[in-house]
Amino acid sequence: MQITHESQENQLILHYVGELDHHEARKAMDYAESLAVLYPVERYVLDLSGLTFMDSSGLAVALNLYRTLQRTGRRMVICGCPPQPLRVFQAAGIPKIIPFEEDVKC
Amino acid sequence: MLTVLNQMSMKLESRSVNEGFARQAVAAFLAQLDPTMDELNDIKTVVSEAVTNAIVHGYRDRLGYINVSVRLLEGRTVEIKVRDQGCGIADVAQARQPMFTTGDDTRSGMGFTIMESFTDRLRVRSSPGHGTLVTLTRTLSARRGAQA
């Protein structure tokens, strides 16, 4: 899996490309957590439009970053989530906690 | 008993790099049933969850073997078994509760919840010290021109 980030004026966008499972979870989590320290912007956007597969490991990655940002009064949204990861998020009730937006250019 | 129309099994080392291989291999075997994209994705997801559990929990302290077997039964029913000879689960009912995990912060505790949501039936048999057998059953929708 490839993760890249893009810093904008008041938000940071993380682009995830490939398969996010337990094998990739630690790398994905550490990457997001270190960005949360480096970029004190108010809004984080997880662009999942490039994900080709995600299992419950992705839930842990998203929820951990969400909690880290919440502790410092910041927001997070998930954008462009493909159908397969979306079903996993929905089965876990995550859209009730983290906002989902269709457009990647949110 | 439903008639077995075809079956396969594979034996993997409990390395996390094999999670992707396990779900892809099961998906490739199921291609003969011409499943929908959603059905195939659901099955890949549950295989990933079951194999990850065996790696993270069953063999938490050591490397071991995981057996993944798939049987295609009459009526487009798919039965997948994921078996390890790892540490086992002392309290299966507790392990199946949403958000329950004995893993680290990379685990959400939602693996069994997802396996339950994406299959018709989930059976977990476990014996502490001897291992765990997870059986996942899902009947695929009827497809014109598809086998079985």
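Predicted model: local features only at pLDDT ≥ 70, side-chain atom pairs only at ≥ 80, totals over all residues.
**Core.** I started with the largest nonpolar core, which has 61 residues. I asked which members touch the most others. They are A:Leu46, A:Val61, B:Ala50 and B:Val51.

**B:Glu49.** I stayed on helix H2 of chain B, where B:Glu49 is also found. Is B:Glu49 buried or exposed? I count B:Glu49 as buried because 27 other C-beta atoms lie within 10 Å, and the cut-off is 20 or more. I checked what B:Glu49 touches, again not counting residues up to four places away in sequence. In chain A, the list has A:Asp55 and A:Ser56. In chain B, it has B:Gly111, B:Ile114 and B:Met115. I also looked up the separation of B:Glu49 and B:Ala95. They are 46 residues apart in sequence and 13 Å apart in space, C-alpha to C-alpha.

I moved to strands E4 (residues 121–127) and E5 (residues 131–139) of chain B. In which sense do they pair? The pairing is antiparallel, over seven bridges. I noted one facing pair: B:Arg123 stands opposite B:Thr135 in E5(B). Three residues lie between the strands of this hairpin. There I found B:Gly129 with a positive phi near 90 degrees.

How values were computed. Residues numbered from 1 in each chain as written. Chains lettered and ligands numbered in written order. Core = buried A, V, L, I, M, F, W, Y, C linked by C-beta atoms within 7 Å. Buried ≥ 20, exposed ≤ 12 C-beta atoms within 10 Å, placed from the backbone. Pairing = 2+ DSSP bridges. Helix = DSSP H or I, 4+ residues; strand = E, 2+ residues; numbered from the N terminus. Contact = placed C-beta atoms within 7 Å.
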